[in-house]
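This report goes through one structure, taking a helix, its surroundings and the nonpolar core in turn. The sequence and the coordinates are shown first.

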Amino acid sequence: MHQKEDNFGQITARVEALLVAARGRLKTSFLASALKLDQEDMEFALAELENNMNAEGRGVRLNHNSQGWRIEIKPEFQEEVAKVFPERSPRPLSDQALET
């Protein structure tokens with residue numbers, strides 16, 4: 001079952017820290033193993049973090065796809081960030097990437 005509610009704030013903060021430090025997407029199973037959580041608790045923590053990060057008033061969001069999880073800039077702020085940090089501008093996907 002889920003760990004105590006008061007511990008989930010700490011757990012979601014730890015998940016957030018790992019995602020910020022990552023150089024790419026992280027799988028749910030990797031995060032669960034790294035934080036010594038069972039799959040159900042990890043999914044609960046990710047859902048909580050996703051709800052918090054995707055809320056209005058935040059500049060970033062938690063994104064998930066088949067490759068895993070990552071924290072990314074919300075689309076409405078990407079142009080502004082690209083002006084300040086042009087090296088962080090999204091690059092077009094290669095033909096090979098589009099095929100996968």
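## Contacts of Val 15

Leaving aside neighbours within four places in sequence, which residues is Val 15 in contact with? The model is a predicted one. In it, Val 15 is in contact with Leu 31, Leu 35, Met 42, Leu 46 and Leu 49, once neighbours within four places in sequence are left aside.

## The nonpolar core

Val 15 is also among the residues that touch the most other members of the largest nonpolar core, together with Leu 19, Leu 31, Met 42, Leu 46 and Leu 62. This core has 16 residues. Helix H1 (5-21), H2 and H3 are the elements that give two or more residues to the core. H3 supplies the largest share, five residues.

In general, nonpolar side chains in soluble globular proteins tend to be buried together.

## Helix H3

Helix H3 runs over residues 39-53, which is 15 residues. From its first C-alpha to its last, H3 reaches 21 Å, close to the 21 Å expected at 1.5 Å a residue. At the N-terminal end, H3 is capped by Asp 38, with a side-chain oxygen 3.2 Å from the backbone nitrogen of Glu 40.

The buried residues of H3 are Asp 41, Met 42, Ala 45, Leu 46, Leu 49 and Met 53. They lie on the same side of H3, because the arc they cover around the axis is only 135°. As background, an α-helix has 3.6 residues a turn, so residues three or four places apart point the same way.

Thr 28 lies in helix H2, residues 28-34. Its relative accessibility is 15%, so Thr 28 counts as buried, the cut-off being under 20%. The side chain of Thr 28 is joined to that of Trp 69 by a polar contact of 2.8 Å. Not counting residues up to four places away in sequence, Thr 28 touches Gln 39, Met 42, Glu 43, Leu 46 and Trp 69.

Ala 32 lies in helix H2 as well. With a relative accessible area of 4%, Ala 32 is buried. Leaving aside neighbours within four places in sequence, Ala 32 is in contact with Leu 37, Asp 38, Gln 39 and Met 42. Ala 32 and Met 42 are 10 residues apart in sequence, and their C-alpha atoms are 5.5 Å apart in space.

## Met 42 across the sections

Met 42 is one of the buried residues of H3.

Notes: Residues numbered from 1 in each chain as written. Predicted model: local features only at pLDDT ≥ 70, side-chain atom pairs only at ≥ 80, totals over all residues. Heavy atoms only, no water. Helix = DSSP H or I, 4+ residues; strand = E, 2+ residues; numbered from the N terminus. Expected span 1.5 Å × (residues − 1). Buried < 20%, exposed > 50% of the residue type's maximum accessible area, 1.4 Å probe, protein only. Arc of directions from axis to C-beta. Polar contact = N/O pair within 3.5 Å; in protein donor to acceptor, adjacent residues only side chain to side chain. Contact = heavy atoms within 4.5 Å. Core = buried A, V, L, I, M, F, W, Y, C linked by side-chain atoms within 4.5 Å.
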